[in-house]
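Trainee: I'd like to learn how the labels used for a protein model follow from their cut-offs. Could we go through one together?

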Amino acid sequence: MVVCASLALLAGCSGEGESGSGPGAATSAAGSGPAGSGTTSTGADTADSGTGTGTGTAAPAGQLGAGPADPSFRADPARLPETRSQTLRLLRAVTAGPDGYGPGYERRTPYESDPADWPVLGTDCVWRQESLPAGVLGSLTRYSRLPAGAGKGEVRTAATVTVHRTVGRADWEMAETLEEALRCPDQQLRATERISGLNSIGAGYGANGNTSADDVLLEMGKYLNPDLGEKATSYVWDQVRLGPVTIAVVVEGGEGYAQGDLLAAQARAVAAMETKVRSELGARK
């Protein structure tokens, strides 16, 4: 299960509680924050061949991390989207909304990103929106929130699903996301929103408790947003790959919430989206 994999990665990643790791998803409802990993890479040109090296834990094509590629998921080529309309249908069927996290969550405004947008982290560690690269069919983010109450602060979430043309390019997205935390441990999302102290850990199938996906990435850090209060709050990011599809969920904020509460809500949404991807694209038995 994704929940188990996420908690296992957390245990191996940080014993420092709230100070953990992570760059990542579409954190801004205005669309100026990351919504996946759009950083360009010199390896992107080779990704279409399926020989890209994947995340920082990756091995040759068809094999990621310390274990083999996930044997439980095989995409049916006939069910993979090829057109914009097919891609949008899949994205809207899979991407989590408020009900994916648990009781009390509601939509943020705007609720959905533009599927033609792609976030890019510049050399200045500032996120910007650009047009989709040629290797991406579409990417959709849905924004949700758990309103403040009962002495606890607001929690903000964003779920992103990206459909790549090839497994190799999806693999490179995972690699670039992992590298972004190393290149930019402090990142600017919007004029008043920042994430800092990012750390990350990745695990291929069969490593660090990952028995769910081809690849898993967990990142954590601190989130600073004056709209949610003066204190820095938690930033947790989880991204998985199933074939050419990447799934990501970011959870931010929530003064008064334990980091484990945020991770549980995040893992619930990721697990539900994994199940939907398997149902939509998996080879029929």
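Trainee: What share of the 285 residues in the protein is buried?

Mentor: Buried residues make up 58% of them. A residue is called buried under 20% relative accessible area, exposed over 50%, and partly exposed in between, with a 1.4 Å probe and protein chains only. Please keep in mind that this is a predicted model: local features need pLDDT of at least 70, side-chain atom pairs count only at pLDDT 80 or more, and totals for chains, interfaces and linings use all residues. Residues are numbered from 1 along each chain as its sequence is written, and side-chain values use heavy atoms, with hydrogens and water left out.

Trainee: What makes the pair of Asn225 and Asp227 a polar contact?

Mentor: A polar atom of the Asn225 side chain lies 2.9 Å from the backbone nitrogen of Asp227. The definition asks for a pair of N or O atoms within 3.5 Å; within protein, one must be able to donate a hydrogen and the other to accept it, and residues adjacent in sequence count only if both atoms are side-chain atoms. Beyond its neighbours within four places in sequence, Asn225 is also in contact (heavy atoms within 4.5 Å) with Arg156, Thr192 and Glu193.

Trainee: How do you know that the buried residues of helix H3 line one face?

Mentor: Helix H3 (residues 84-94) has Thr87, Leu88, Leu90, Leu91 and Val94 as its buried residues. Seen down the axis, they fall within an arc of 165°, so they line one face of the helix. The arc is taken from the directions from the helix axis to the C-beta atoms. These residues pack against strand E6 (136-146), strand E7 (155-164) and helix H5 (259-281).

Trainee: What makes Cys125 and Ala150 worth a look?

Mentor: Cys125 has a positive phi of about 65° although it is not a glycine, and Ala150 has one of about 55°, again without being a glycine. Most residues other than glycine have a negative phi.

Trainee: Is each of them buried or exposed?

Mentor: Cys125 has a relative accessible area of 16%, so it is buried. Ala150 has 84%, so it is exposed.

Technical notes: Helix = DSSP H or I, 4+ residues; strand = E, 2+ residues; numbered from the N terminus.
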